[in-house]
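Hi,

Here's the structure I promised to pass on. Have a look, and my notes follow below.

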Amino acid sequence: VRDDDLAHFRTEFARFMMSYQFVTSELMTKINILKDEFTYIHKYSPIEHVRSRLKSPESILHKLRRKNIPVTLPDIRKNIVDIAGVRITCSFIQDTYRIADMLTSQSDVTVNEVRDYIANPKPNGYKSLHILLELPVFMSDRVEHVPAELQIRTIAMDFWASLEHKIYYKYGGEIPDELLTELTDAADAANRLDMRMEHLHERVAQSRLTAPGEEGAIPLP
Ligand code: 0O2
């Protein structure tokens, strides 16, 4: 490879990666606006944490090799749709869907695919709502439609997924059977906890609606 070509590729790649940084910033702004406004109206926040990450060049290359995709920027743009990743953690299951609806109904958001692993968990027990979307990013000389992966899940689902992720990497993807069984049991326990918390949350919301002396209160959803 000539030095000139390498320098050119470096510049282009850096510029390419910047577009994912920008789409992440746009998504974070949208999420923060929804969070603040929802909290103001409903007096509680449906979002506990929001985190974002950019896939590393190593991890992009690894995925390209695994899927046998050529290493060109247009191929990466088209095929690796989770370079920009944003994860929202909610307290309650109903809020994961509510946040998803609020975001995906915005007119500049194009939804390419929804993978609902909450309604259809993976065989290991993994639960999360994944939305593959695209947003326009306005730059100095052009508009780019940049994809991002949004993951929305509850605190209990997130707790389970982070431990499973660590165990998966610790065992290089070959988790021993007895740990797999325990993990599946833990996923069931997390699911039961989600159901109970949701039920409690609904009861509290109902009692707030009917409590005497609270006529002026803004009802919980
Ligand atoms: P990281 O480090 O989070 O980026 P695809 O090839 O795109 O069709 P892919 O990428 O497996 O299939 O898509 P999927 O199933 O929607 O999963 C994408 C991401 O979801 C993963 O990204 C994880 O973050 C998370 N995920 C999916 N399945 C599991 C699971 O069983 N356990 C845990 N803990 N997380 C999961 P990456 O790139 O694998 O990792």
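Is N68 buried or exposed? N68 is exposed, with 6 other C-beta atoms within 10 Å (exposed is 12 or fewer, buried is 20 or more and partly exposed is in between, with C-beta atoms placed from the backbone).

Before the rest, some housekeeping. This is a predicted model, where local features need pLDDT of at least 70, side-chain atom pairs count only at pLDDT 80 or more, and totals for chains, interfaces and linings use all residues. Numbering runs from 1 along each chain as its sequence is written.

Backbone first. N68 has a positive phi, near 60°, and sits in the loop between α2 (57-67) and α3 (73-79). (Helices are DSSP runs of H or I with at least four residues, strands are E runs of at least two, numbered from the N terminus.) K43 also has a positive phi, near 65°; K43 is in the loop between α1 (3-42) and β1 (47-54) and is exposed, with 12 other C-beta atoms within 10 Å.

Now the inside. The largest nonpolar core has 24 residues, and V23, L27, I88, I99, A148, L150 and I152 touch the most other members. (A core is a set of buried Ala, Val, Leu, Ile, Met, Phe, Trp, Tyr and Cys joined through C-beta atoms within 7 Å.) α1, β2 (84-90), α4 (93-104), β4 (129-138) and β5 (143-154) each give two or more residues to this core. A second, separate core of five residues includes M157, W160, A161 and A187.

Cheers
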